[in-house]
Structure formats: C-alpha cells, structure tokens
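Here are my notes on this one, as numbered points. Have the model open while you read.

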Amino acid sequence: MTTEQPNLFGDIEEAPRENRWPDEKVEETNTLLNFLPLVKIEDAYPEKDDYEKLWQAGRECHKCRLRSTCQQVVFGAGNMQSKIMLVGEGPGKDEDIQGLPFVGRAGQLLDKILQAAEIPRPEVFITNVVKCRPPGNRLPNPDEVKVCRNWLEAQIRILKPQIIVCLGAMASQTIIDPKAAISKIRGRWFSRQGIKIMATFHPAALLRNESYKKPTWEDFKQIRDEYKR
Ligand code: SF4
C-alpha cells in the first residue's frame with residue numbers, strides 16, 4: 001500500500017471541539033466517548049462489547065464498495081490482550097489472499113523491525129484503517145475511510161490498548177489528527193484517554209525510500225522503551 005497521501009480526507013469536516021487532539025477528555029465517566037477524531041460513537045457499534053461479536057460482524061461487512069472487489073475482510077490479527085496495537089493503511093494483495101494483515105513484503109519488514117525492538121509479533125495486535133483491499137492497491141477513498149474507521153473505533157474501545165502505533169499517513173490522520181503530516185508528527189508521543197499514540201513511517205514507505213529507515217528505527221526505540229515500561 002502507498003502511504004503518502006495529502007488531502008486524504010478531502011474537505012475535512014470540522015471536528016467538535018471535544019474531539020480534537022490535543023484536548024483530552026479523561027474524566028471518569030460511564031458515557032462512551034469516541035476515540036477517533038470525527039467518529040460518532042453511535043456509528044461505531046456501541047452494542048458490541050465483545051471482540052468475537054465484533055469480528056463476526058466485521059467479517060460480514062459490505063458497507064462500502066471495497067468489499068465487492070476484495071476476496072475477504074482482513075479485520076485484524078494478533079494478541080487481543082496486547083497492550084500495543086499497530087494500525088496500517090489497508091490490506092494489499094497478500095493480505096487479501098491470506099486474510100491476515102501485514103504478511104507481504106511490508107509485513108516481513110515490520111516483523112524484522114519488531115524483532116529488533118524486542119517486541120515479538122505474537123505479542124502485538126495489528127490491523128488497518130480499512131479492512132478490505134482497495135483494487136489495484138489504490139488509496140482508499142475518503143468515503144471508504146469514513147465508513148470503515150468505525151470498525152477501528154470499536155476495536156480500540158474493546159481491546160483497550162495502552163499504546164497505538166500509527167504506521168503511515170493514513171493511520172496518523174485517522175487516529176491522531178486529520179490534518180497531520182507524517183513527517184512532522186512522527187516520533188512524538190500523543191496521549192488521548194490514557195492511550196499513548198505514536199506515528200511512524202509505514203514499512204512500505206521504507207521499502208521505497210531507504211532514508212526513512214533511520215527515523216523509523218528511532219521511533220521504534222521509543223516505542224520499545226514505552227512498551228517495556
Ligand atoms: S472496507 Fe470496511 S466498511 Fe468497506 S466493506 Fe470492508 S470492512 Fe466494510
């Protein structure tokens with residue numbers, strides 16, 4: 001998947017004040033708060049409080065056109081008790097065939113990065129912003145992201161990771177700030193609702209541009225230290 005995508009969201013909706021990073025709402029409350037900017041909690045499957053139920057529903061999803069051209073929904077995989085969640089852009093060809101995220105060349109590079117950071121892949125949970133492969137690995141369209149990010153919101157709500165790593169521009173714009181530029185925000189910790197968030201380059205970007213490797217490793221050293229803390 002490609003990862004550099006200016007104007008991903010086209011005409012960006014103005015987020016309600018309480019949804020905007022870096023303002024935080026961390027008070028104790030029984031009311032569900034949305035985690036992702038621009039997501040409405042009522043659209044994010046509030047009735048699903050169990051990951052198995054969410055996964056079953058997600059696998060049956062046909063809410064956008066991407067489902068008509070992909071082989072299957074790649075909902076996410078890994079340790080559901082993990083304190084760290086990695087979020088990429090969307091499935092590619094290999095992921096679409098296998099039904100698992102990050103199993104192609106970019107996934108193999110991610111495995112090596114995680115190994116170097118002493119974070120075993122079986123310990124992490126990995127998913128994407130969109131769960132179905134866009135045809136020809138094109139960028140997901142804003143309307144596809146808009147509907148699919150509700151699944152990501154629900155995954156975060158149910159799995160409750162302590163750390164979220166945004167791999168690439170799309171994940172950063174979906175999770176941190178719709179106007180985020182990956183080159184400007186990578187390597188910095190953000191915090192929302194007690195969850196620490198860091199953006200770094202997508203492994204696919206490293207395959208295209210070697211110069212991203214060093215800063216990505218610097219980011220993963222920080223992620224490793226936070227993970228082991
Ligand atoms: S991309 Fe997301 S919203 Fe679209 S059909 Fe697949 S799971 Fe549903």
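1. A term first: two residues are in contact if their C-beta atoms, placed from the backbone, lie within 7 Å. By that rule, Y51, L54 and G58 in α1 meet W151, A154, Q155, I158 and L159 in α4. The residues of this contact divide into 6 nonpolar, 2 polar and no charged (Ala, Val, Leu, Ile, Met, Phe, Trp, Tyr, Cys and Pro count as nonpolar, Asp, Glu, Lys and Arg as charged, the others, Gly among them, as polar). Helices here are DSSP runs of H or I, at least four residues, numbered from the N terminus.

2. Before going on: this is a predicted model, where local features need pLDDT of at least 70, side-chain atom pairs count only at pLDDT 80 or more, and totals for chains, interfaces and linings use all residues. Numbering starts from 1 along each chain as its sequence is written.

3. The protein chain has a mean pLDDT (the predictor's confidence in each residue, from 0 to 100) of 90, with 87% of its residues at 70 or more. Residues 2-28 fall below 50, though this stretch has 46 contacts in the model beyond near neighbours in sequence.

4. Now the ligand: 15 residues surround it, the closest being C61, C64, R67, C132 and C148 (near means a C-beta atom, placed from the backbone, within 6 Å). Helix α4 (residues 142-159) gives the largest share of this shell, 4 residues.

Key
Helix = DSSP H or I, 4+ residues; strand = E, 2+ residues; numbered from the N terminus.
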